[in-house]
Amino acid sequence: MKATSGGTFDPSASPLYFIASNPEAVEESQHPHVLVAVNELNGQRQMDVLDRLCDTRTVLLDSGIFNLAMGHAKAHGLSMDTALSLHPTEVDGFDALRDRYYRIVTEYADRLWGVIELDQGGAKVKPETRAMIEKDTGIVPMPVYHPLNDGWDYFDTLAQGYDRICFGNLVKAAPPTRLRLMHTAAERARAYPYLWTHFLGVHPNENWLGMNYRGSCDSSSWLTALRWMPSWKAWTMLKMNAHFPPDMWYAAGGVSKGEDVTAATARFTQVTIDALKEDTHPWLARS
Amino acid sequence: MDIETVAVDSLKPYPGNPRRGDVTAIAASIERNGVYKPIVVQRTTRTILAGNHTWQAAKSLGMDTIDVVWSDADDDTARRIVLVDNATNDRATYDWHELDVLLADLDDLAGTGYSQDDLALIAERAAAMDDLVDDEDDDRAPTTGELLELSHVTVPEPTHKCHHGQVWKVGQHTLVIAKINDEHHLWRHLLTDGVRFAPFPEPYFTLSDVARDTPLLLVQPNTYLAGHLLDKHAAAFGEASVVLT
């Protein structure tokens with residue numbers, strides 16, 4: 001079993017909620033756990049932000065391949081599923097992204113919490129790409145498992161081979177399916193007590209917190225209130241606590257105050273998680 | 001209602017119509033799909049009450065005729081029809097998942113009103129909708145598609161079938177199938193001295209150390225997880241849980 005790379009990973013610090021967005025937005029927040037993607041680290045200013053984040057937060061690095069594949073889909077009129085199934089080398093701009101990914105993971109691996117693999121091309125291609133990354137950089141990225149595409153044999157292969165995996169597909173699943181996938185992940189993880197499961201694109205909720213596995217999740221939905229006006233809601237303590245009327249919506253471009261509000265609610269989410277851990281979580285209290 | 005085909009130029013747009021529609025998009029739809037529904041026109045004045053932008057698009061495409069449904073509304077009612085037709089559209093929202101699915105199987109987006117740029121945004125909104133959905137509010141039955149997925153991918157439905165409002169005796173514990181935040185009346189009387197409150201218990205909860213030492217009031221709004229809790233308890237302790245109410 002390989003230990004995935006990331007110098008600041010603490011296997012006892014579970015569960016964690018990572019807020020995802022561009023480097024500047026997550027730096028603006030006071031949230032302790034942040035996810036940034038390689039495609040967002042495209043200049044010295046962003047790299048300076050990454051430096052500061054690594055000094056003060058736990059940072060999970062995403063590869064940015066999803067964004068690249070979506071750009072490819074748009075440019076070529078492909079469906080999202082078709083684009084995601086392409087071999088990485090068929091995706092426009094892959095070489096440049098891979099080179100940048102290599103440079104960043106090589107330089108920052110010890111200061112990061114974790115590195116997500118270049119997750120592109122399906123269960124047959126991904127192991128080849130991962131092996132290439134490991135050979136070229138010496139870094140062991142966290143492999144990504146997609147339950148609706150990859151099959152459970154692949155999950156077992158990954159869980160036997162790595163201390164941490166990422167669990168995808170949840171963002172596109174309807175709520176009942178999501179719940180069942182999370183429960184199933186918990187059931188599967190029972191066979192691998194060392195396994196850390198990171199749920200991609202998942203906002204913390206009560207059932208996720210209650211499941212008996214070690215892990216983390218990330219979401220960019222802490223910014224949802226600022227993105228889509230009909231969704232203008234404020235969340236804290238894992239619960240929605242307000243619908244804001246239209247006259248309280250922030251105008252496009254004038255969102256800094258709104259970012260402060262949403263960042264604070266995200267921070268409180270982790271505070272709530274930590275409090276649960278200390279106070280009421282039977283499994284974690286036992287460990 | 002009778003539908004009549006009339007000359008496009010014989011109709012008048014509603015004066016002072018405050019609505020500003022996307023005539024270009026409607027014209028693109030007409031070119032791909034045709035005019036698939038009649039517009040509504042006040043009979044006495046031949047003024048369009050609903051479908052002003054469809055009429056504009058038809059004119060821009062050089063169409064000679066258009067299908068109409070006549071309304072016998074007086075001027076006051078006509079004004080209300082113009083307003084409500086727009087207002088009710090404005091208040092409609094989307095299930096972004098359903099929209100995503102509806103668009104997904106089309107070969108192209110011609111005549112849908114959507115562009116490739118919209119697709120990513122819709123997918124993102126669908127994802128965000130999931131993030132914001134609270135599972136405790138969602139006990140609806142999975143769709144057929146979901147069941148097909150679930151039968152191959154996820155842990156199957158539990159043996160124990162639970163329903164909202166039920167109270168189960170689970171060993172020394174009590175399980176209530178109810179919401180946490182706004183259904184206190186279903187469980188608060190059970191939170192007596194010495195009983196520990198355990199909201200959102202996961203399926204192995206009664207096997208935990210704390211459950212061995214302390215009677216718990218388990219409140220789980222989700223019937224799938226509640227059923228699995230009962231299954232796990234029965235498998236671990238060999239005792240049947242009983243429905244009290």
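Which residues touch the most other members of the largest nonpolar core? Select A:Leu50, A:Phe155, A:Phe167, A:Phe199 and A:Trp222. That core holds 68 residues. Helix H5 of chain A, residues 94-108, gives the most to this core, with 7 residues. Keep in mind throughout that this is a predicted model.

**Stop 1: around A:Phe167**

Show what lies around A:Phe167, skipping neighbours within four places in sequence. Its contacts include the aromatic residues A:Tyr145, A:Trp152, A:Phe155 and A:Phe199. A:Pro147, A:Leu181, A:Ala185, A:His198 and A:Leu200 are also in contact with A:Phe167.

**Stop 2: A:Thr197**

A:Thr197 lies in strand E7 of chain A, which covers residues 196-199. Is A:Thr197 buried or exposed? A:Thr197 is buried, because its relative accessible area of 2% falls under the 20% limit. Again leave aside neighbours within four places in sequence. A:Thr197 is then in contact with A:Ile165, A:Phe167, A:Arg214, A:Gly215 and A:Ser216.

**Stop 3: the sheet of chain A**

Now colour the strands of chain A. There is an open sheet of 8 strands, in the order E4-E3-E2-E1-E8-E7-E6-E5, with parallel pairing. Its edge strands are E4 (114-115) and E5 (144-145), and each pairs on one side only.

Zoom in on strands E2 (residues 33-37) and E3 (residues 58-62) of chain A. They run parallel and are joined by 5 bridges. For a landmark, pick A:Leu35; its bridge partner in E3(A) is A:Leu60.

**Stop 4: cysteines**

Select A:Cys166 and A:Cys217. A:Cys166 is buried, with a relative accessible area of 0%. A:Cys217 is buried as well, also with a relative accessible area of 0%.

**Stop 5: where the chains meet**

Show helix H9 of chain A (residues 175-189) together with helix H8 of chain B (residues 223-237). Their axes come within 11 Å and cross at roughly 30 degrees. H9(A) and H8(B) are therefore roughly parallel to each other.

On the H9(A) side, select A:Leu179, A:Arg180, A:His183 and A:Glu187. They meet B:Tyr224, B:Leu225, B:His228 and B:Lys232 in H8(B).

**Stop 6: the sheet of chain B**

Move to chain B. Here an open sheet of 4 strands has the order E1-E4-E2-E3, with mixed pairing. Which strands stand at the edges? Strand E1 (3-7) and strand E3 (47-50) of chain B do. Each has a single partner strand, so one side of each is left without a neighbour in the sheet. Neighbouring strands of this sheet are turned by 50 degrees against each other on average, direction ignored.

Follow E1(B) to its partner, strand E4 of chain B (residues 65-71). The two pair in the antiparallel sense over 5 bridges. Pick B:Glu4 and you find B:Val68 as its bridge partner in E4(B).

**Stop 7: helices across that sheet**

Finish with two helices of chain B. Helix H2 (residues 52-60) lies across strands E2 (39-42), E3 and E4 of chain B. H2(B) runs at about 125 degrees to E3(B). Helix H3 of chain B (residues 75-91) also lies across E2, E3 and E4. For H3(B), the angle to E3(B) is about 45 degrees.

Key. Residues are numbered from 1 along each chain as its sequence is written. Chains are lettered from A and ligands numbered from 1 in the order in which they are written. This is a predicted model: local features need pLDDT of at least 70, side-chain atom pairs count only at pLDDT 80 or more; totals for chains, interfaces and linings use all residues. Side-chain values use heavy atoms; hydrogens and water are left out. Buried means under 20% relative accessible area, exposed over 50%, partly exposed in between (1.4 Å probe, protein chains only). A nonpolar core is a set of buried Ala, Val, Leu, Ile, Met, Phe, Trp, Tyr and Cys residues joined through side-chain atoms within 4.5 Å. Contact means heavy atoms within 4.5 Å. Two strands pair if DSSP finds at least two bridges between them. Axes are lines fitted to C-alpha atoms, for helices over the stretch in contact, and angles run from 0 to 180 degrees between N-to-C directions. Angles under 35 degrees count as roughly parallel, over 145 as roughly antiparallel, 65 to 115 as roughly perpendicular and the rest as oblique.
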